[in-house]
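Good morning, and thank you for coming. I would like to take you through a structure that is new to this group, one part after another.

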Amino acid sequence: MTESNESLIHVADLHKVFITEEVETHALAGVHLSIAQGEYVSIAGPSGCGKSTLMAILGLLDSPTEGGYWLAGEPVADLSASQRARIRNREVGFIFQSFNLIGDLTVFENVELPLTYRGMSSAERKKRALGALERVGMSHRTKHYPAQLSGGQQQRVAVARAVVGSPSIVLADEPTGNLDSANSEAVMSLLGELHREGATICMVTHDPRYARHAQRTVHLFDGRIVEEEEAVRKQQETAELKQSGFDVA
Amino acid sequence: MGTLWHDVRYGLRMLAKSPGFTAVVVLMLAFGIGANTGIFTIFEQVLLRSLPVKDAGALVIMTPQGKYIGSQWGPCVLSYPMFKDFRENEDLFEGVLCRRTEIVALNDGRGTERIGVELVSGNYFDVLGVPPAAGRTFGADDETTPGANPVVVLSSDFWRSRFGADLDVIGRTLRINDTAMEVVGVAAHGFHGLSLDSRPRLFIPITMKPQVSRGWERRMDDRRTQWVQVFGRLKPGLARERAEVAIQTPYKQIIQREVEDASFEGVPSEEREQFLQSRMVLLPGRRGLSFLSAALGSQLLLLMALAGLVLLVTCANVSNLLLARAARRQKEITVRLAIGAGRWRIMRQVLVESLLLAAVGGAAALVVTALTTRAILRFAPGQLSLTISPEINGIMLAFNVIISGAAALLCGVLPAWRMTQVELASTLKQQATAVTGGRGTRLRQGMVVTQICLSLILLIGSGLLIRSLVALYRVDRGFRTTNLVCFKLDLTLSGYDGQRQLDFCRQVRTQLRSIPGVTSTAFAKVPLLEGDSWYNGIIVEGYQPKPREDVASYCNSISSDYCKTVGTAMRLGREFNELDEMPGARKVILVNEAFVRWFLPDRNPIGCRVGLRWSVDAQPDREIVGVVCDSRSANLRWSANPQILFPYSQIGIDQMTVYTRTSLPSEEVFNAIRREVRNLNAGIPLFEMQTMEDHLDRSLANERLVGFLSSLFGILATVLAMVGLYGVTAYSVAQRVQEIGIRMALGAQRRSVVSLILREGMALTAVGVTIGLAGALASMRLLRSQLFEISPTDPLTFIVTALLLSTVALIACWLPARRAAKVDPMVALRCE
């Protein structure tokens with residue numbers, strides 16, 4: 001098995017098996033995937049196909065049962081818990097479906113939290129957290145608590161928290177899953193903006209409308225990649241759909 | 001540092017967000033930490049604290065060990081001439097001092113007061129390195145010849161309380177036992193002499209002993225009278241063990257000279273040899289000389305252990321609450337971990353919260369500490385309340401801080417570790433309320449089992465101690481305490497001696513008998529229930545001592561009607577009558593049954609003769625006229641020792657305890673007694689007037705203290721354990737609402753739901769009780785010395801306590817079980 005020197009993320013023959021007392025579930029069954037620096041990839045597929053498991057492994061929240069994973073050329077599949085925490089903090093930004101903001105911290109404190117764990121000085125944290133909030137249009141809500149914000153606003157704060165540490169990659173797991181369509185569009189355009197500014201994004205979604213925002217969509221089924229679509233082909237399909245009278249974002 | 005401050009701020013915010021949780025935890029920790037700090041405050045002052053003198057570690061107490069020929073006035077004593085011999089020894093000691101505590105009558109012109117004083121050698125303050133706070137202390141010129149040094153140094157406390165820290169008191173004259181003495185100075189603040197057992201108000205030169213105790217002149221230079229306690233300050237660098245070896249040579253030389261002295265003529269050669277084999281022991285003197293420490297030491301250690309158990313139960317309970325809280329906060333912690341927090345960082349954050357809780361609990365514990373300390377002093381023997389300060393001090397605060405830190409770690413480590421043991425990916429996908437792991441529940445169950453186990457050990461311990469206390473109250477004492485009052489008179493303090501003392505005693509008895517309602521009155525030298533303080537060598541006619549036997553007996557000097565008044569029955573013969581108290585009466589004695597069993601086992605004791613061995617040529621010159629039944633007169637725990645009772649008129653009496661049997665209410669008889677004694681001599685102070693039942697309570701002060709506090713701790717631990725059990729059961733019910741709903745939908749009866757929940761709680765109780773019983777079986781043996789007429793593995797106590805705890809546990813489980821039975825299946829299922 002070889003690693004890809006050009007890819008930011010490269011996984012090869014990735015397997016993940018969940019073993020309970022009676023059942024052995026193969027969530028991933030030999031996934032090969034590479035994501036280049038600056039690429040915007042979406043992972044799609046039906047419920048239970050292994051999207052979130054793949055995302056968790058990519059985000060170093062979980063370890064593969066078998067297979068290799070290289071992040072920026074470095075093998076990361078078998079790191080210790082503390083090494084993984086360090087890489088998560090510096091290289092990965094997370095956006096969750098349920099936002100996962102900490103209710104007892106203000107908007108500002110939530111956004112600066114990753115920097116706190118990095119041991120950054122208070123002044124630098126403040127500058128970067130305010131910058132990130134400015135970027136998502138939430139700088140006027142720094143002292144608010146998450147419960148005081150709408151779902152869309154909370155997700156914007158979550159995006160700010162994801163990008164505040166300038167990670168190598170932003171992993172978004174169903175970022176619009178808990179939002180209405182207007183807020184979903186706002187979050188998607190925010191991600192698009194981030195991508196245009198150079199961010200590498202990997203997004204899990206089961207909604208084809210949002211999957212199309214990505215340059216490339218990877219389809220998972222029963223723990224395997226069954227299809228990869230390039231953006232050009234997707235754009236053609238979108239045009240066809242529009243011609244047929246469908247309202248496609 | 002910045003991130004730590006961040007954790008502190010967040011921790012404070014979290015605690016403020018849950019004021020109920022915070023208050024409960026703080027309260028529990030306050031009790032746990034406060035109880036420990038309170039007992040430690042006493043423990044430290046009684047058992048650990050050094051004397052406030054220069055280099056206390058260099059002090060040793062000189063104590064002869066082995067056979068002694070002569071009279072001994074207290075423990076750890078030497079004769080005054082022997083002290084002077086050692087004072088000259090400059091090879092081993094930088095200085096050698098002597099001291100003795102006494103009670104005197106002080107008259108400063110405003111009335112007579114009975115106070116404690118310390119008789120000290122001239123070099124006392126110099127050897128100890130205690131400077132004067134005002135005026136001067138003593139020097140060599142203040143210890144010249146008996147009766148020639150009428151000067152006193154005031155203790156700082158007495159100077160402040162009695163004289164308002166007035167410097168003009170120096171140079172004033174005080175009358176002490178009717179002898180004028182001049183105040184020459186005030187001792188350094190905080191210095192209270194060399195014994196924890198008393199707080200001397202004054203320091204008086206040792207050469208003034210004859211003025212304090214009439215007739216002592218001849219004993220000052222008598223080598224056969226041991227009465228001074230001697231402290232030495234070792235030379236720098238000289239270890240106590242080496243000094244003890246080295247001191248044997250001069251000691252042997254001194255006792256060899258004593259044996260060759262005329263006073264030893266007539267002493268059998270075997271006894272001389274035994275005396276010559278005695279040796280000098282050097283005890284550590286760092287903490288001074290305290291018999292209170294020895295008496296209370298084991299009880300304080302026991303209380304420390306019990307309080308420690310309470311703290312463990314408290315920590316287990318708090319830990320349990322934190323574990324429950326950890327389950328609720330798992331989502332938050334998972335997010336933190338997901339965005340890059342290390343596990344140690346998360347643990348630190350949780351531990352900071354525990355530390356904050358413990359810090360607030362520790363601060364609140366100071367109130368509990370004050371209450372505990374005061375409660376102990378209220379129950380404890382009188383002298384303890386005089387010498388122990390319940391005030392907050394640096395050592396108490398330091399202990400409080402240390403134990404609060406320890407409690408924080410005990411409470412916080414497990415929940416902190418548990419919080420970091422999460423499956424990140426799956427937890428992030430779940431709803432916060434649904435995030436609870438089986439491992440967390442098992443940990444909480446483990447905590448509850450621990451609490452039940454520790455509570456049972458505490459309850460069994462307190463049960464044994466309480467039953468022991470009841471046994472002490474119920475034991476056949478050999479005298480009757482009901483309708484009996486007592487008080488003390490010290491005639492020597494008022495200048496009475498010789499025939500005047502005897503006449504006054506007779507007058508007191510006559511006057512008290514005249515009070516309507518008084519059925520009898522009598523007095524004794526050694527009071528009931530205050531130990532056997534008079535132990536004397538004796539000669540028993542016809543008795544062949546066993547090899548190396550020290551033929552001696554406990555003694556007391558009593559008046560006629562004594563046995564009738566205190567309610568001790570006669571086994572044989574008669575008790576003393578007024579004829580025995582007449583001048584020139586035949587010398588007679590009473591003995592107890594233990595005396596007869598030991599010295600006269602196969603003889604009719606009536607008519608046998610016994611003598612007191614006050615001199616080497618003593619004769620058995622006193623005839624036994626009666627045998628009294630054995631009694632626990634010295635201490636309720638002690639079975640009777642051989643005892644001889646003398647008529648007071650034939651042996652003298654200086655301090656006496658008067659007993660009056662009456663049907664009158666105590667206050668009424670107290671007033672009548674005061675009136676009658678005042679009529680005889682208004683200047684004589686009466687002290688320690690009380691009913692005999694109160695005196696009995698005071699004699700059991702230590703046992704009552706330990707019984708009270710152990711019960712309190714046992715109840716506290718049980719309440720905490722039951723709160724924990726209730727919490728775990730209620731939590732389990734909350735988690736299983738859907739399961740219960742399904743069971744009920746499928747036809748389960750309410751009682752089977754109750755039974756399901758009860759089984760779970762009682763299974764935990766059964767495990768806790770089983771481990772607790774095993775732990776108690778193993779540990780209760782340590783209580784053996786504290787128990788009276790009860791085995792440390794008494795089956796009844798074990799079984800009853802286990803049943804009691806199980807019953808309370810059943811109630812704690814029944815409350816959530818009843819709630820479970822009320823679950824509406826429709827609501828439960830719809831809810832999910």
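In chain B, residues 431-438 have a pLDDT that stays under 50. For this stretch the model has eight contacts beyond four places in sequence. What we have here is a predicted model, and where pLDDT is low, the predicted coordinates should not be read in detail. For chain B as a whole, the mean pLDDT is 87, and 96% of its residues reach 70 or more.

Chain A has a mean pLDDT of 85, with 89% of its residues at 70 or more. Its residues 1-5 have a pLDDT below 50, and beyond near neighbours in sequence this stretch has nine contacts in the model. The scores for the model are ipTM 0.71 and pTM 0.76.

Let me turn to how the chains meet.

Four strands of chain A make up an open sheet, with antiparallel pairing and the order 2-1-4-5. At its edges are strand 2 (24-36) and strand 5 (74-75) of chain A, each of which pairs on one side only. Strand 1 of chain A, residues 7-19, runs antiparallel to strand 4 of chain A, residues 66-71, and five bridges join the two. To find this pairing on the screen, look for I9(A), which stands opposite L71(A) in strand 4 of chain A. In general, strands of a sheet pair through backbone hydrogen bonds, either parallel or antiparallel.

Next come the helices of chain A. Helix 3 (residues 107-117) and helix 5 (residues 151-163) of chain A have axes that come within 7 Å and cross at roughly 30 degrees. Helix 3 and helix 5 of chain A are therefore roughly parallel to each other, and their crossing is right-handed. From helix 3 of chain A, the residues V107(A), N110(A), V111(A), L113(A) and P114(A) meet V157(A), A160(A) and R161(A) of helix 5 of chain A. By class, this contact between helix 3 and helix 5 of chain A has six nonpolar residues, one polar and one charged.

Among the residues that make the contact are L29(B), I33(B) and F40(B) of helix 2 of chain B, and I395(B), F399(B) and I403(B) of helix 14 of chain B. The residues of this contact of helix 2 with helix 14 of chain B comprise eight nonpolar, six polar and one charged.

The other pair is helix 8 (residues 240-259) and helix 9 (residues 269-276) of chain B, whose axes come within 10 Å and cross at roughly 160 degrees. Are they roughly parallel or roughly antiparallel to each other? Helix 8 and helix 9 of chain B are roughly antiparallel, and helix 8 passes helix 9 in a right-handed crossing. I255(B), Q256(B) and V259(B) of helix 8 of chain B make the contact with R272(B), F275(B) and L276(B) of helix 9 of chain B. Of the residues in this contact of helix 8 with helix 9 of chain B, four are nonpolar, one is polar and one is charged.

Thank you for your attention.

Methods:
Residues are numbered from 1 along each chain as its sequence is written. Chains are lettered from A and ligands numbered from 1 in the order in which they are written. This is a predicted model: local features need pLDDT of at least 70, side-chain atom pairs count only at pLDDT 80 or more; totals for chains, interfaces and linings use all residues. Axes are lines fitted to C-alpha atoms, for helices over the stretch in contact, and angles run from 0 to 180 degrees between N-to-C directions. Angles under 35 degrees count as roughly parallel, over 145 as roughly antiparallel, 65 to 115 as roughly perpendicular and the rest as oblique. A crossing is left-handed if the near helix is turned anticlockwise from the far one by less than a right angle, and right-handed if clockwise. Two residues are in contact if their C-beta atoms, placed from the backbone, lie within 7 Å. Ala, Val, Leu, Ile, Met, Phe, Trp, Tyr, Cys and Pro count as nonpolar, Asp, Glu, Lys and Arg as charged, and the others, Gly among them, as polar. pLDDT is the predictor's confidence in each residue, from 0 to 100. Two strands pair if DSSP finds at least two bridges between them.
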